[in-house]
Amino acid sequence: MSEQPGKPSGAPTLGDWLALAPFGLTLSSGFFGFFAHAGVVQALAERGLRPAQVSGSSAGALIGASWAAGLSPPAIAERLLTLDKADFWDPFPGAGLIRGKRFERLLEHWLPVQRFEDCRIPLALSVYDVFARRTRVLTTGRLARAIRASCAVPLMFHPVWIGGRPYLDGGVRDRPGLEGMDQSRVLYHHLASRSPWRATDGAHTIIPKRPGLIALILDDLPRAGPDALDRGVEAYHLALALTRDALNRPAPAHVLRVGA
């Protein structure tokens with residue numbers, strides 16, 4: 001249910017609010033939460049709601065970049081729902097379990113364009129600069145390499161070198177993926193962290209506040225992983241249904257929370 005009860009029934013819905021003027025779409029990090037993000041973008045596309053800019057970290061970078069590059073949401077879903085662990089799993093000794101080169105090759109075949117500059121929607125992806133210990137936003141260059149870097153979960157993936165610098169998962173310091181978002185009106189899909197080591201009020205779990213931002217939270221989504229991709233399929237279908245519902249609810253001042 002919405003976190004803003006009592007909203008007048010005649011108030012604009014979230015879908016109405018998004019259609020009023022250009023908006024940005026930001027998709028958060030959240031391990032294998034890209035299945036849920038795919039459901040969100042599919043629901044938006046069904047309503048003809050195309051963002052003026054996309055930003056994201058990690059799981060959000062994968063789905064946001066795919067849409068910005070020109071892959072339709074149904075095509076994104078088709079690729080995800082047939083994904084197999086062997087498609088991206090390439091263990092290799094180093095600073096992480098997975099080298100990530102197989103994942104990058106998958107992306108190169110997956111994406112309709114290979115560079116940020118050729119994307120149909122302006123795109124900004126957050127990565128973590130290991131040397132500088134801060135977030136850096138990528139907006140130019142090789143798209144597959146940037147997505148791989150933004151998805152490089154520490155200890156799971158090897159760091160990704162771009163321009164002589166090593167990068168890791170953008171969610172390390174910018175879990176929301178908002179650092180590169182320039183739009184004044186933003187729909188932010190927040191994947192709630194269920195990692196037991198994270199405090200419920202920590203920087204990785206709180207909902208960011210900024211003028212013009214509406215955060216969408218979809219509760220109780222199945223938790224997917226490398227060995228539980230079937231749960232990702234469930235998460236996609238549930239996220240699609242919940243986002244369709246959310247678009248018909250009154251637009252909140254800050255957070256819209258929807259559960260099955």
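The following paragraphs lead through a strand and its neighbours, and then through a group of aromatic rings. The model is predicted, so local features need pLDDT of at least 70 and side-chain atom pairs count only at pLDDT 80 or more, while totals for chains, interfaces and linings use all residues. Residues are numbered from 1 along each chain as its sequence is written, and side-chain values use heavy atoms, with hydrogens and water left out.

Strand β2 covers residues 53–57 and is mostly covered, five of its five residues being buried; here buried means under 20% relative accessible area, exposed means over 50%, and partly exposed lies in between, with a 1.4 Å probe and protein chains only. Helices (H or I, at least four residues) and strands (E, at least two) are DSSP runs numbered from the N terminus. In a regular strand the side chains alternate between the two faces of the sheet. In β2, Gln53, Ser55 and Ser57 lie on one side and Val54 and Gly56 on the other, and both faces are covered.

Two strands are taken to pair if DSSP finds at least two bridges between them. Strand β1 (residues 24–27) runs parallel to β2 and is joined to it by four bridges, with Leu25 standing opposite Val54 of β2. Strand β4 (residues 123–129) also pairs with β2 in the parallel sense, over four bridges, and Ala124 in β4 is the bridge partner of Ser55. Together with helix α2 (residues 34–46), β1 and β2 make a right-handed β-α-β unit, where right-handed means that, with the strands pointing away from the viewer, the path from the first strand over the helix to the second runs clockwise.

The structure also holds seven aromatic pairs, a pair being rings of Phe, Tyr or Trp (its six-membered ring) with centres within 6.5 Å, counted as stacked when the planes are under 30 degrees apart, edge-to-face when over 60, and tilted for the rest. The rings of Phe32 and Phe88 have centres 6.0 Å apart and planes at 55°, so this pair is tilted. Because Phe32 lies in the loop between β1 and α2 and Phe88 in the loop between α4 (73–81) and β3 (96–98), the pair ties together parts that are 56 residues apart in sequence. Phe32 is buried, with a relative accessible area of 9%, and Phe88 is buried at 5%. Phe88 and Trp89 have ring centres 6.3 Å apart and planes at 75°, so that pair is edge-to-face. Phe31, Phe32, Phe34, Phe35, Phe88 and Trp89 form one aromatic cluster.
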